[in-house]
Number of protein chains: 2
Amino acid sequence: MSTLVAPKNHFPKDDADVLWKAVKGWGTDESSIIDIMGHRNAAQRQQIRLAYNDIYQEDLIKRLESELSGDFEKAMYRWILEPAERYAVLANVAIRNANKDYHVIVEIACVLHPDELLSVRHAYHNRYKHSLEEDVAAYTNGHLRQLLVGLVTSFRYDGIEINPSLAKFEANILHEAIKDNKGNLEEVIRILSTRSKTQLLATFNSYRDLHSISITKKLLNEVSDDFLKAVHVAIRCLNDHKKYYEKVLRNALKRVGTDEDGLTRVVVTRAEKDLKDIKELYYKRNSVHIEDAVAKEISGNYKRFLLTLLGKEH
Amino acid sequence: MSTLVAPKNHFPKDDADVLWKAVKGWGTDESSIIDIMGHRNAAQRQQIRLAYNDIYQEDLIKRLESELSGDFEKAMYRWILEPAERYAVLANVAIRNANKDYHVIVEIACVLHPDELLSVRHAYHNRYKHSLEEDVAAYTNGHLRQLLVGLVTSFRYDGIEINPSLAKFEANILHEAIKDNKGNLEEVIRILSTRSKTQLLATFNSYRDLHSISITKKLLNEVSDDFLKAVHVAIRCLNDHKKYYEKVLRNALKRVGTDEDGLTRVVVTRAEKDLKDIKELYYKRNSVHIEDAVAKEISGNYKRFLLTLLGKEH
């Protein structure tokens with residue numbers, strides 16, 4: 001369930017007018033911008049961009065970039081973009097810092113539906129004049145490169161068929177490869193980057209049945225290098241991305257100095273999808289409402305905007 | 001230029017009637033089948049399939065499979081399928097014999113436009129309930145697997161921008177990797193499977209400028225294992241697929257015992273695309289018209305059908 005509260009009937013020209021008044025002249029009326037943009041779905045935001053461009057002959061995104069600043073600007077910018085374009089931007093930023101941010105690339109590749117991932121690859125072409133895999137490959141190397149390129153280029157079969165004996169067989173391959181960190185890592189890459197999600201869930205379940213521990217827990221005991229860390233993220237995203245995002249939010253908020261990038265990323269990418277479910281998981285796990293945690297850790301327009309996307313009226 | 005001769009105005013129901021008469025009862029009128037199907041483009045063939053199914057409540061393809069036999073049946077079957085489906089079938093057959101037929105997988109991945117390759121991956125899902133890369137990876141290993149998976153999963157940028165210094169830089173990486181067969185093969189895989197075709201042409205040209213030999217000739221001097229052979233095919237297909245196909249035809253026809261699979265594959269996949277150009281290249285290189293070579297090497301309905309697709313009226 002989404003947390004976004006958007007009106008059914010919507011008048012793009014009126015919104016464009018309000019936004020124009022909010023940005024024209026000296027000073028900026030950030031509250032009006034949040035009130036509008038924080039309550040419009042992806043299609044409505046695109047209509048506003050078009051209407052704004054028609055009436056005022058300027059690009060709304062560029063204008064907002066020049067009016068806003070800091071984490072608020074960053075969050076608003078990511079929010080306004082169409083989903084495929086937004087993921088292309090998130091991927092590109094992560095790629096240029098791939099040794100630290102490879103988990104963002106893994107997330108995008110493993111959480112999205114195969115068709116959505118193709119749309120991101122299209123959007124990446126249009127925006128960066130390179131292919132997504134080209135840039136990922138240029139900024140990484142070794143097994144990490146193989147894994148990341150394998151994941152972003154995957155076009156998984158999305159049917160529900162399961163081959164149980166294959167699941168058992170490949171659960172053992174994963175086990176052998178992980179347990180002493182000297183196993184056949186290419187097989188780990190092959191399995192994670194080519195099998196369907198349904199088949200992989202069966203494999204992860206087989207793993208638990210056979211070895212009395214979940215593969216993600218096992219990896220936590222073993223994790224030492226970036227490759228296995230990326231494998232860990234991939235499995236978590238493939239297995240249960242809501243639980244994974246709850247953890248990202250938890251880590252982002254409990255750090256000394258909040259991880260604004262992580263916080264923003266989860267809120268803007270999930271607000272229209274399943275942020276409500278993620279919020280519930282967060283409350284279950286932390287006994288604190290995420291809105292309260294967010295309100296405590298960040299401030300100003302950035303805080304108001306994220307709380308709006310989280311569905312909190314104030 | 002295509003070799004296919006198809007009428008502008010076309011009446012699917014009439015064609016379906018003729019085909020029905022050709023297959024019903026004892027015996028089969030292969031000539032009528034060739035006259036019709038050998039003169040219809042992809043869209044027309046699909047309309048005939050639909051009309052036939054509507055009127056006679058049976059699948060034309062299945063009926064033809066049971067009526068025809070041998071290389072003629074195989075060629076007709078591949079020809080009738082829509083292009084994406086046909087490539088999916090060709091890929092699947094090749095995958096199950098990947099240690100011998102990896103060149104077919106390379107061809108499909110490197111000759112098709114990036115969007116066409118995506119359509120093939122879609123068709124593969126629908127037909128085989130697996131992803132293309134999943135099956136490729138399951139039947140291969142080592143560097144050959146990495147290369148083949150990289151190629152079939154690529155979604156190359158198809159713009160015309162070239163980075164000349166990158167071309168020079170990567171031409172040298174390729175040279176170092178190939179020359180003693182101990183170089184960094186992962187870099188070869190990265191370059192061939194992620195760069196745009198335009199960029200790769202610039203790289204191959206740089207190679208020739210820097211090393212006074214084309215990279216394909218150099219590879220011929222070095223080729224020893226399947227991996228480098230697959231690299232050779234990939235570069236030929238990326239560089240100039242028409243020249244590559246001319247060679248496939250030449251080899252198919254000059255072998256003791258014709259290579260019918262190669263011959264059929266080139267004719268049915270290129271008849272509606274650029275088989276006329278490939279025919280011209282063939283004549284230039286061999287001083288023999290390909291129709292004459294085909295007529296000498298094969299016989300019967302298979303011969304009649306291929307000659308029809310080659311544009312020869314008889």
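Colleague: In which loop of chain A does A:S287 lie?
Modeller: This is a predicted model, and in it phi of A:S287 is near 55 degrees, a positive value in a residue other than glycine. The residue is exposed, with a relative accessible area of 58%. Its place in chain A is the loop between α18 (275–286) and α19 (290–297).

Colleague: Is A:S212 buried or exposed?
Modeller: A:S212 also has a phi near 55 degrees, a positive value in a residue other than glycine, and its place is in the loop between α13 (197–211) and α14 (215–222) of chain A. Exposed is the word for a relative accessible area over 50%. With a relative accessible area of 68%, A:S212 is therefore exposed.

Colleague: How many residues apart in sequence are the parts that the pair of B:F72 and B:F305 ties together?
Modeller: The rings of B:F72 and B:F305 form an edge-to-face aromatic pair, 5.8 Å centre to centre with 75 degrees between the planes, and both residues are buried. Because B:F72 lies in helix α5 (residues 70–80) of chain B and B:F305 in helix α20 (residues 300–309) of chain B, the parts tied together by the pair are apart in sequence by 233 residues.

Colleague: Which residue lies over the face of A:W79?
Modeller: In chain B, the ring of B:W79 has B:R45 over its face, at 3.7 Å from the ring centre. In chain A, the distance to the ring centre of A:W79 is 3.7 Å, and the residue over that face is A:R45.

Colleague: Which three residues supply 25% of the area that chain B buries against chain A?
Modeller: The contact takes 27 residues from chain B and 27 residues from chain A, and the two chains bury about 2500 Å² between them, 54% of it on carbon and sulfur atoms. Of the area that chain B buries against chain A, 25%, more than any other three residues supply, comes from B:E134, B:F155 and B:Y157.

Colleague: Which helix of chain B gives the largest share of the side that touches chain A?
Modeller: Across the interface of chain B and chain A there are four salt bridges, and the side chains of A:E134 and B:R195 meet in a salt bridge at 2.8 Å, N to O. On the side of chain B that touches chain A, at least two residues each are supplied by α8 (114–128), α9 (132–138), α10 (142–152) and α12 (185–194) of chain B. The largest share of that side, five residues, comes from α8(B).

Note on methods. Residues numbered from 1 in each chain as written. Chains lettered and ligands numbered in written order. Predicted model: local features only at pLDDT ≥ 70, side-chain atom pairs only at ≥ 80, totals over all residues. Heavy atoms only, no water. Phe/Tyr/Trp six-rings, centres within 6.5 Å; stacked < 30°, edge-to-face > 60°. Helix = DSSP H or I, 4+ residues; strand = E, 2+ residues; numbered from the N terminus. Buried < 20%, exposed > 50% of the residue type's maximum accessible area, 1.4 Å probe, protein only. Lys NZ or Arg CZ within 6 Å of the ring centre and 35° of its normal. Contact = heavy atoms within 4.5 Å. Buried area = accessible area lost by both parts, 1.4 Å probe.
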